[in-house]
Amino acid sequence: MKFDTPATTNPIDQLKVVGQPVDRIDGPLKTTGTAPYAYERHVAAPDAAYGYVVGATIAKGRILGIDQRAAEAAPGVLAIVTAKNAGKLGKGEKNIARLLAGPNVEHYHQAVALVVAETFEQARSAAQLLQVRYESAEGKFDLAKAREAGAKTIDKDQKAGDFASGYAAAQVQHDQTYSTPDQSHAMMEPHATTAAWRGERLTLWTSSQMVDWAVSDLAKTLGIPKERVHLMSPYIGGGFGGKLFLRADALLAALGARLAQRPVKVALQRPLMANNTVHRPATIQRIRLGAKASGELTAIAHESWSGNLPGGDPEEATQQTQFLYAGAHRLTGTRLAVLDLPEGNSMRAPGEAPGMMALEIAMDEMAERLKMDPIEFRVINDTQVDPAKPERRFSTRRLVECLRTGAERFGWAERSAQPASRREGNAWIGIGMAAAFRNNLVMKSGARVLLDGRGSVTVQTDMTDIGTGSYTIIAQTAAEMMGVPLERVKVELGDSSFPVSAGSGGQWGANSSTAGVYAACVKLREAVVQRAGLPADAEFADGMVRAGGKSLSLAEIAGDKGFSVADSIEFGDLDKRYQQSTFGAHFVEVAVDAYTAEVRVRRMLAVCAAGRILNPKSARSQVLGAMTMGVGGALMEHLEVDKRRGFFVNHDLAGYEVPVHADIPHLEVMFLDETDPVSSPMKAKGVGELGLCGVGAAVANAIYNATGVRVRDYPITLDKLIAQMPRV
């Protein structure tokens with residue numbers, strides 16, 4: 001199905017099942033511990049051995065040799081994989097560095113070996129006996145130093161008007177620099193794989209957000225046809241973008257299983273996850289705003305510096321600034337310094353998440369210079385068109401309504417505009433806000449739909465569920481389209497033998513994958529009415545198909561054997577003809593201890609406009625999780641870089657702090673009732689990443705309102721506050 005004109009009325013609009021707050025259909029499996037994850041394939045691979053990954057202890061250089069004699073002689077050891085016995089390996093398109101080092105080492109904790117043994121304990125013990133000799137090379141690990149030296153390999157500017165003259169002529173100016181740190185995904189389930197060879201065919205159970213990407217890159221790396229790789233990823237214990245790409249666990253499990261001639265399971269040790277896999281790279285961002293005294297922005301510049309390995313991409317932290325506010329004279333640019341730290345890549349809401357952390361502080365600072373309310377300043381600078389291309393309108397844009405609705409709900413009118421003016425006991429109290437923005441992305445997505453002799457529907461697609469509710473919204477889509485109750489829909493996900501879907505990432509998963517199921521169900525409906533001899537406009541309801549006084553059950557039409565169809569949704573150029581984005585507003589109240597500067601978040605509200613909400617219950621859960629992650633980014637999450645040896649020091653959950661229940665107060669989420677027919681036949685958009693974008697700045701702005709201390713370097717820890725705290 002080609003989607004190249006805006007959607008009109010269709011069966012989804014009935015909203016009998018879609019749009020309802022249905023419980024997660026995979027919930028009972030998750031809560032009873034019976035959902036099998038990648039490392040738990042006890043039935044499929046009962047004789048699996050265990051692999052333990054050995055990571056490089058240098059950040060850059062060469063492996064001179066590996067003495068593995070003691071490890072080979074250790075109890076239970078079956079095989080040791082290194083670059084020397086792994087065969088000729090290629091490199092996947094989506095990996096910057098090779099997944100197995102040798103002889104060159106490209107980053108700290110890059111895998112140099114896998115020890116395979118009968119038990120995990122034996123593999124771990126033997127791994128300590130490997131003696132790896134290295135020759136270190138000098139590396140670059142300091143983003144600030146690279147920026148000062150002018151090092152940049154990418155200079156991507158987007159311009160409109162003449163920023164230099166527009167800024168110089170502005171009546172009010174703002175020019176500040178902000179920074180965000182390296183961050184880790186820190187998902188609950190580590191990167192894990194169980195691999196088994198049956199002849200020349202490889203089967204993997206792995207934790208992957210993008211099944212087809214993983215199959216393609218693994219086949220390319222191993223140098224085998226894609227058809228010989230069967231990958232399954234039905235349950236994933238969190239990903240946040242860290243499992244978008246093939247990682248070392250999958251490759252090493254495959255190599256280990258081939259060498260040991262039996263199934264092998266590999267889970268990356270928690271300390272390896274920060275340095276061996278991808279992370280959100282640090283940014284340094286300079287923002288300049290020029291405005292008239294009336295508050296109308298006339299000039300906007302946002303430049304961002306980030307680092308990555310050679311061949312990597314920058315963190316696109318300026319994306320939202322291209323679209324969020326009006327202003328005739330514009331400049332956005334990303335700069336990439338080559339660093340020898342581990343690979344920087346996608347982490348939840350890449351680009352907008354760190355970009356909004358800076359932009360929305362700058363907007364508050366500019367509002368203060370203008371002596372304007374922060375919300376009114378944003379409202380004045382709203383736009384219904386792409387500011388750089390006025391002929392291109394937004395498909396939907398309800399930012400102002402999100403701001404106004406949130407302000408009323410949160411009690412914004414009670415906020416004191418004067419910082420450090422509200423005290424309760426030992427705490428300074430403040431309220432802050434920030435706009436929320438995330439672009440709406442869509443991807444081709446397919447599904448197979450089967451109708452059986454009982455009138456039940458089965459949906460098969462390689463779409464994944466990373467804890468986001470994919471099983472449920474796909475079931476809701478099929479139930480709505482085929483006119484059957486939800487309990488008569490079965491959903492099978494995460495299998496590379498199924499039609500290729502959008503996968504989970506970039507906030508495109510829910511909208512795109514359900515649109516693919518919609519397309520397959522349209523085709524199934526056509527086949528049903530054709531078999532039944534009914535007109536095309538027949539009604540599907542209650543397991544029946546009705547038209548012209550004739551009524552047949554789906555079971556009757558399917559017959560004893562049933563039948564299936566498959567189709568994909570392919571998106572045309574609507575995303576080029578219209579700017580498609582999601583919008584929202586975040587509100588935060590904090591209490592800051594007057595003596596210790598300890599920050600406590602007291603309440604939060606998110607108001608989101610993101611097209612049709614397919615399942616309000618699971619969507620709310622997504623936004624709650626995103627808000628929690630935003631608090632972490634604002635107050636605690638920070639990978640500390642050892643700038644001498646080039647690695648992240650706090651590479652486990654003891655040193656890398658994330659929010660716990662005690663850190664998070666009551667959270668409230670509101671969805672504006674809207675549809676976007678330009679986005680997809682579902683008229684939906686993504687929402688899981690929108691809930692993160694802007695949260696950090698809302699916290700920072702609340703802290704400033706509470707204390708009068710402006711911190712532009714995340715995370716906002718008490719040591720950055722305490723020296724400037726108001727006198728008690």
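View 1. Gly 51 has Val 266 of strand S13 as its bridge partner, and the model shown here and in the views below is a predicted one.

**View 2. Pairing of strand S2 with strand S6.** S2 also pairs with S6, here in the antiparallel sense and over 6 bridges. Within this pairing, Gly 55 has Ala 111 of S6 as its bridge partner. Of the 7 residues of S2, 6 are buried, so the strand is largely enclosed by the rest of the structure.

**View 3. The open sheet of 7 strands.** The strands are arranged in the order S4-S6-S2-S13-S10-S11-S12, and their pairing is mixed. Strand S4 (77-81) and strand S12 (229-232) form the edges, each pairing on one side only. From one strand to the next, the twist averages 20°.

**View 4. Helices H6 and H7 against the strands.** Helix H6 (residues 211-222) lies across strand S10 (192-198), strand S11 (201-206) and S12. The direction of H6 is at about 145° to that of S12. Helix H7 (residues 248-260) packs on the sheet, where it touches S2, S4, strand S6 (111-117), S10, S11 and S13. The angle between the directions of H7 and S10 is about 35°.

**View 5. The protein as a whole, as context for the close-up views.** The secondary structure of the protein comprises 17 helices and 32 strands. Its C-alpha atoms fill a box of roughly 80 × 75 × 50 Å along the principal axes. For 728 residues, a compact globule would have a radius of gyration near 27 Å, and the protein agrees with this expectation because its own value is 27 Å. Of the 728 residues, 62% count as buried. Among contacts with a separation of 6 or more, 81% are accounted for by residues 24 or more positions apart. The accessible surface of the protein amounts to about 27400 Å², and carbon and sulfur atoms contribute 50% of that area.

Methods: Residues numbered from 1 in each chain as written. Predicted model: local features only at pLDDT ≥ 70, side-chain atom pairs only at ≥ 80, totals over all residues. Heavy atoms only, no water. Pairing = 2+ DSSP bridges. Helix = DSSP H or I, 4+ residues; strand = E, 2+ residues; numbered from the N terminus. Axes fitted to C-alpha atoms, helices over the stretch in contact; angles between N-to-C directions. Contact = heavy atoms within 4.5 Å. Buried < 20%, exposed > 50% of the residue type's maximum accessible area, 1.4 Å probe, protein only. Rg over C-alpha atoms; globule rule 2.2 N^0.38 Å. Areas by Shrake-Rupley, 256 points an atom, 1.4 Å probe, with all protein chains shown as cover.
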